[in-house]
Number of protein chains: 2
Amino acid sequence: MSIDYKAKSWIQVPENSDFPIQNIPFGVFVKGESQPHIATRIGDTVIDLFAVSEGGVFTDMSIDNRVFNKSFLNDFIALGKEKTNAVRQRIAEIFDIKNTDREKWQTALLPVKDVQMLMPVKVGDYTDFYSSIDHATNVGKMFRDPENALLPNWKHIPVGYHGRASSIVVSGTNIHRPKGQILPKGETQPIFSPSRLMDFELEVAFVTGKKTALGDSIPTNEAEDYIFGLTLFNDLSARDIQKWEYVPLGPFLGKNFGSVVSPWIVTLEALEPFRTEGYKQDPEVLDYLKYSGKRNFDINLEVYLQPENAEPTRICQSNFKYMYWNMAQQLAHQTVNGCNINVGDVYASGTISGPEKDSFGSMLELSWAGQKEIKLKNGDTRKFIQDNDTIIIKGYGKKDGVRIGFGACVTKILPAK
Amino acid sequence: MSIDYKAKSWIQVPENSDFPIQNIPFGVFVKGESQPHIATRIGDTVIDLFAVSEGGVFTDMSIDNRVFNKSFLNDFIALGKEKTNAVRQRIAEIFDIKNTDREKWQTALLPVKDVQMLMPVKVGDYTDFYSSIDHATNVGKMFRDPENALLPNWKHIPVGYHGRASSIVVSGTNIHRPKGQILPKGETQPIFSPSRLMDFELEVAFVTGKKTALGDSIPTNEAEDYIFGLTLFNDLSARDIQKWEYVPLGPFLGKNFGSVVSPWIVTLEALEPFRTEGYKQDPEVLDYLKYSGKRNFDINLEVYLQPENAEPTRICQSNFKYMYWNMAQQLAHQTVNGCNINVGDVYASGTISGPEKDSFGSMLELSWAGQKEIKLKNGDTRKFIQDNDTIIIKGYGKKDGVRIGFGACVTKILPAK
């Protein structure tokens, strides 16, 4: 359920904030030495939901307050959409400008600059899909056959692979450039070296909110019931490590040194206004992947590269609507063989590139495998990420004057250890 | 630390039992409606360690009894090897035949047939390696070039990929034949069908007992400090689903419908007597993969196939010593880029085939991609697993009259749902 589009909050919301009263995302914060709590955010104010809950405002929903006094959202999410949406609705009432009973909530409010946001969920399993047709086509053109860029299975299967859950970290976590085996051009023996081809991948991830039993499958038309919400996702990639290792079993050390999520999980319900059609799927997909309705989302995505002590340059403008395979299809595919899912699993989209050259979602594509230079505002150029560069991903939908976004997903790449 | 090889227990140990007093593995059991507890096993007797702990026998080790009153071993394992080995040693003293103080332990003893063994650990992340040279060579011969069976990276990298943690289940869990996309021979359009090429993979997995921070690496000569113990592992594989989906990002739905572990984690210390040399690695490996000492283990491995209402036929005899890449190298590789590990991660070996035809660790290899029939005792033949077949994996080391084993890893394949 979306919150009234005319509503305003008595908490100040700066222009172009990702967090109007219509968003009400969920995250986990800590302040100083205190315990982590579950929170939401309006404007630049973090709202401590454990503090709010102590006023008894969720008691009629049969929610145990302790679910807000946690280090992860998993137990809260596991309450189910009926309850988590009721919490969103109650928050919208309490902080609506029409509500004059404001004083008692002041102790629950914290400036966002005074808190540290933590990893929102304890990730069970993590899957990374490969669902952008423009991205898959670009990769195929660069490394295989420009005339047959897509592999034979690509339009039949939402191709995906399992990634490493342990190394998914929250925005603001800096990551050291990984070391590993790379095969220098023209050589036959690998060397051990810090990666020379560090890249980001612009992705959006969804977090599941409901579990299934081993052996069960989720139909596409029920899949969204299992999706709690979305985050931005930076699937950092060491292209040289990946290239040498990935045949025949897929990416491993080229990816698992760190992936970064934005700290607020924006609910699927908050994103309802941005539903849109996806690409036409041709050839026709198998029955278990057929779907009805609008399952793509018109969410603007941007990537900025910020060199040390310089201002950021926007190097990519893409959109979540460019997904060929939508989230419902991905989850139906993930479970069609009986694979079980849990609350807190993360399913990332794969790099989201659009059809235009400035919409490509990785430096591999933007620099066309290092053949072109990406120009930055300070006069620098890049083909891949340099040490101490910061990658900033932003994402938001906008409709009827309301902007609902994710906040930034920020990572600085430190030199190799 | 190994337990005295001359020791005997006052608990009866049948001939050829995997569980003499020198083993003392760890697992989790439940009896009827009661709470799961941590246990060990001698002969056919399960020893409830929570019940044992209530006698105060671990108090001097500063172990909180509650660590035995759990559904998973993770918290116990996280105590560290010093404590977990001290527990093994104390158990060995209590149940040694020289100990005449026996009556008070009777309430902790249960016949194994009266309890249900549960999944021993809550799995964080799961990696599957591909470390048997005979297996990789067989696959290369069948599907690529018999003259150049190994891919260029294989002798440089302990190739691995991330698998699905959620669908790892304990021995005795039956698995439905998965459905999915397959591309029939000669066709260009996939169909949706139950897998027609169901297979097992004979593997051994290790479970980590110590965590690292993101960015840290584990050197080979320290890697075994991070390995708590081993289980047998059946990496069930739907070959037709795998074949159509795996390019370019690796196995996904062909594997993640279920993998099976034996219920007892046998500690690395219990397996000390079976250390042996591995294959000579040529070409020389990069420095971070070099190791000293004996890092392979001489553990006999067997696979039995049992049709419905018939006796089992042994279809494979292999050995864990056939690993080209050892566990220390695998863990060093997994973390060389800074990937972090946690207590309870599972790292499987990949199919363990030996050089002989009857030592191949999968039906794919035993039937040479369906070209040969595997004969069973009841007159049946198989190329792949049929519905209602049960796959039984066994494993044990034997030295100086002492046999230390894993118990069986058993899975029945049920018809597709």
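Where in chain B is B:Pro283 found? I looked it up in this predicted model and placed B:Pro283 in the loop between β18 (275-276) and β19 (296-297) of chain B.

**Entry 1: cis peptide bonds**

B:Asp282 and B:Pro283 are joined by a cis peptide bond, and I note an omega of about 10 degrees. I then turned to B:Pro248, where the peptide bond from B:Val247 is likewise cis. Its omega is near 5 degrees. I located B:Pro248 in the chain B loop that runs between α6 (239-245) and β16 (259-261).

I next looked up backbone angles. A:Asn309 is not a glycine, yet I record a positive phi of about 55 degrees for it. I find A:Asn309 in the loop of chain A between β20 (300-306) and β21 (313-319).

I place B:Trp368 in the loop between α8 (363-366) and β23 (374-375) of chain B.

**Entry 2: cavities**

How many cavities of 30 Å³ or more does the structure hold? I note seven. I looked up two of them in detail.

The largest cavity has a volume of about 60 Å³. Chain A contributes A:His162 to its lining, and the chain B residues there include B:Tyr126, B:Tyr161, B:Arg164, B:Asp235, B:Phe252 and B:Lys255. I also list B:Gly163, B:Ser167, B:Pro251, B:Asn256 and B:Ser259 among the lining residues of this cavity. By class, I record four nonpolar, five polar and three charged residues in the lining of the largest cavity.

The second largest cavity holds about 50 Å³ of space. Here B:His162 is in the lining, together with chain A residues including A:Tyr126, A:Tyr161, A:His162, A:Gly163 and A:Arg164. Also in this lining I find A:Asp235, A:Pro251, A:Phe252, A:Lys255, A:Asn256 and A:Ser259. Which strand supplies the largest share of the lining of the second largest cavity? I find that strand β7 (residues 160-163) of chain A does, with three residues. The classes in this lining are four nonpolar, five polar and three charged.

Note on methods. Residues numbered from 1 in each chain as written. Chains lettered and ligands numbered in written order. Predicted model: local features only at pLDDT ≥ 70, side-chain atom pairs only at ≥ 80, totals over all residues. Heavy atoms only, no water. Helix = DSSP H or I, 4+ residues; strand = E, 2+ residues; numbered from the N terminus. 1 Å grid on protein atoms, 1.4 Å probe; cavity = no way out; pocket = protein on both sides within 12 Å on 5 of 7 lines; lining within 4 Å. Points joined across faces, edges and corners; volume = space filled by probe spheres on them. Nonpolar A, V, L, I, M, F, W, Y, C, P; charged D, E, K, R; others polar.
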